[in-house]
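Please open the model in your viewer and keep the selection tool at hand. The stops below are meant to be taken in order.

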Amino acid sequence: MRERDESVGAVSERLLVVEAGEISRGLVLRALRAPLREVYLAGSAREALSAVHDFKPDLVLVNLELPDLQGARVVEVFRERAGVPVVALTGVPTVDEAVTAMRRGAVDYVGVPEQIARLPDILSRALHEVRTERELQSA
């Protein structure tokens, strides 16, 4: 499912959110709302991976406990397939899980709902890195 504010112009940021839980999905979506941002919501790894090619996200936010893929392997798969930064989401944050996710390629780690307030800052930093990298590649 895609969501974007139709009252604004061209989309400048595309985010792919992979979250099976409806409550967590709603919390994350509210934290991500912004003009010129399009968000694609997927409820499983399979659904999200099939959308990656057509949607072309700038950033992927993925829950580490999906029904069809779990743990830090989720980060590896999305980092490889989407080729963009990945933010790991979890309902039960632990230090070990955060370290493992970061070692596997996550740019950050967010506990939902406890740390949801950090999400806008994390996105800003990660999307800035994406834009900088693209500018360097096109120069």
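The tour goes from a strand to one of its residues, then to a helix and a pocket.

This is a predicted model, in which local features need pLDDT of at least 70 and side-chain atom pairs count only at pLDDT 80 or more, while totals for chains, interfaces and linings use all residues. Residues are numbered from 1 along each chain as its sequence is written, and side-chain values use heavy atoms, with hydrogens and water left out.

**Strand β7**

Select residues 86-90, which form β7; strands here are DSSP runs of E with at least two residues, helices are runs of H or I with at least four, and both are numbered from the N terminus. Five of the five residues of β7 are buried, so the strand is largely enclosed by the rest of the structure, where buried means under 20% relative accessible area, exposed over 50% and partly exposed in between, with a 1.4 Å probe and protein chains only. On one side you will find V86, A88 and T90, and on the other V87 and L89. In a regular strand, side chains alternate between the two faces of the sheet.

Strand β4 (residues 59-63) pairs with β7 in the parallel sense over four bridges, and V62 stands opposite A88. β8 also runs parallel to β7, joined to it by five bridges, with D108 as the bridge partner of V87.

**Residue T90**

Which residues does T90 touch, not counting those up to four places away in sequence? They are N63, E97, Y109, V110, G111 and V112, a contact being heavy atoms within 4.5 Å. T90 itself has a relative accessible area of 3%.

**Helix α4**

Move to residues 95-103, helix α4, where E97, A98 and A101 are buried. These three cover an arc of only 100° around the axis, which puts them on the same side of α4; the arc is that of the directions from the helix axis to the C-beta atoms. The buried residues of α4 pack against β5 (65-66), α3 (73-82), β7 (86-90) and β8 (106-111), whereas the face turned away carries the exposed V95, D96 and R103. After α4 comes G105, whose phi is positive, near 120°.

**The largest pocket**

Finally, select D58, R79, G83, V84, P85, V107, E129, V130, E133, R134 and Q137, which line the largest pocket. Helix α5 (residues 119-138) gives the largest share of this lining, five residues.

Note on methods. 1 Å grid on protein atoms, 1.4 Å probe; cavity = no way out; pocket = protein on both sides within 12 Å on 5 of 7 lines; lining within 4 Å. Pairing = 2+ DSSP bridges.
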